[in-house]
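Please look over the sequence and the structure before reading the points below.

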Amino acid sequence: MKRSERYKQMAQDVANFRDAYQSVLSHMEPVREYMSNSIMAFRPKETEKAKAATASQRTSQLAGRAKRAQLQSGISRTFVVPNVGMPIDPITAWDHSLRDVEAMPPQQVVNTCDLIIGALEEKAERADATDRTLVGKLAAMAALPARVRSIVVEDHPGLGKVGFATGVVAQIVVTVVGGLILAGATAGVAALWKNAVQSSPAPTSSPTVAPSTATPGSPPVSTTPAPTSK
């Protein structure tokens, strides 16, 4: 699946969660506090309790996919419970908006979903424009092993350590094998050089003239010319 299609699917996951959440609200009615006359929570309508329960179950099932899409969108938004100071997430803790309207108004949950959908759609557009180029295709091919590894490790955390150990062993094996290959190549070159030296013809020596030496007992030969008689 291309990156643009993956972002579009994530945006659809958030949209499905938002629609299911709004379906829950359609089966609810606000409950007011008699003392302050303010809205405190939402409760299922008397005639729609079964529908409200079905819609709530569906919303909880879709919250997991929507949360994963929220992490990919880069949008993080939390609400703080008054008098407690504990931050709550609008997707995973969506039902808190039904119990405490002041802490997390339902409309803010819907708005947060729309922000996430918009961010994912923008990512899909940029990815679609990039994937058309050669550089984008090469980058996608280079990132494929990392994407596959991240998905596998996310679903099976224990495989992360196995993958790390396998990578270390692979590096050791590559290093050892590379050393053996290098040593073999060096020995081969040395053997070829030795054979070449042994098979080359020996250089011929130039003839040398030994200096003349006088023989003992024989008179020396004079080189002076004899005088002529007139």
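Two residues are in contact when heavy atoms of theirs lie within 4.5 Å. By that rule, and leaving aside neighbours within four places in sequence, S56 is in contact with V24 and W94. The model is a predicted one, and its mean pLDDT is 74.

**Overall picture and confidence**

- The protein has six helices and four strands, and their order along the sequence is α-β-β-α-β-β-α-α-α-α.
- Of the 230 residues in the protein, 23% are buried.
- Among contacts with a separation of 6 or more, 63% join residues 24 or more positions apart.
- A pLDDT of 70 or more is reached by 53% of the residues.
- Over residues 212-216 pLDDT stays under 50, and the model has zero contacts beyond four places in sequence for this stretch.

**The largest nonpolar core**

- In soluble globular proteins, nonpolar side chains tend to be buried together.
- The largest nonpolar core here has 34 residues, and V14, F17, W94 and L120 have the most contacts inside it.
- Two or more residues of this core come from each of α1 (3-26), α2 (49-73) and α4 (106-131).
- Helix α1 gives the largest share, nine residues.
- F17 touches T59, L62, A63, A66, P90, I91, W94 and C113, with residues up to four places away in sequence not counted.

**Helix α1**

- Helix α1 has 24 residues and reaches 35 Å from its first C-alpha to its last, close to the 34 Å expected at 1.5 Å a residue.
- Its buried residues are S4, Y7, M10, A11, D13, V14, A15, F17, R18, A20, Y21 and V24.
- These buried residues pack against β1 (28-32), α2, α3 (96-99) and α4.

**Helix α2**

- The 25 residues of α2 should span 36 Å at 1.5 Å a residue, and the end C-alpha atoms are 34 Å apart, so the two values agree.
- Helix α2 bends by about 35 degrees at A63, a residue that F17 touches.
- The buried positions of α2 are A52, A55, S56, T59, L62, A63, A66, A69, Q70 and S73.
- An α-helix has 3.6 residues a turn, so residues three or four places apart point the same way.
- Just after α2, G74 takes a positive phi of about 85 degrees.

- T59 lies in helix α2 and counts as buried because its relative accessibility is 0%.
- A polar atom of the T59 side chain lies 3.1 Å from the backbone oxygen of A20.
- Leaving aside neighbours within four places in sequence, T59 is in contact with F17, A20, Y21, V24 and W94.
- Q70 also has its place in helix α2, and it counts as buried because its relative accessibility is 2%.
- With neighbours within four places in sequence left aside, Q70 is in contact with I75, S76, R77, D89, I91 and I116.
- S56 is in helix α2 and has a relative accessibility of 19%, so it counts as buried; the cut-off for buried is under 20%.
- The C-alpha atoms of S56 and L25 are separated by 9.3 Å, and these residues are 31 apart along the chain.
- T54 lies in helix α2, but at 51% relative accessibility it counts as exposed, the cut-off for exposed being over 50%.
- Between the C-alpha atoms of T54 and V24, which are 30 residues apart along the chain, the separation is 8.5 Å.

**Helix α4**

- Helix α4 has 26 residues and reaches 38 Å from its first C-alpha to its last, close to the 38 Å expected at 1.5 Å a residue.
- Its buried residues are P106, V109, V110, T112, C113, I116, I117, A119, L120, A124, A127 and D131.
- Among them, C113 is touched by F17, I116 is in contact with Q70, and L120 is one of the residues with the most contacts inside the largest nonpolar core.

Terms used
Residues numbered from 1 in each chain as written. Predicted model: local features only at pLDDT ≥ 70, side-chain atom pairs only at ≥ 80, totals over all residues. Heavy atoms only, no water. Core = buried A, V, L, I, M, F, W, Y, C linked by side-chain atoms within 4.5 Å. Buried < 20%, exposed > 50% of the residue type's maximum accessible area, 1.4 Å probe, protein only. Polar contact = N/O pair within 3.5 Å; in protein donor to acceptor, adjacent residues only side chain to side chain. Expected span 1.5 Å × (residues − 1). Bend = angle between axes of the 7 residues up to and from the residue. pLDDT = per-residue confidence, 0-100.
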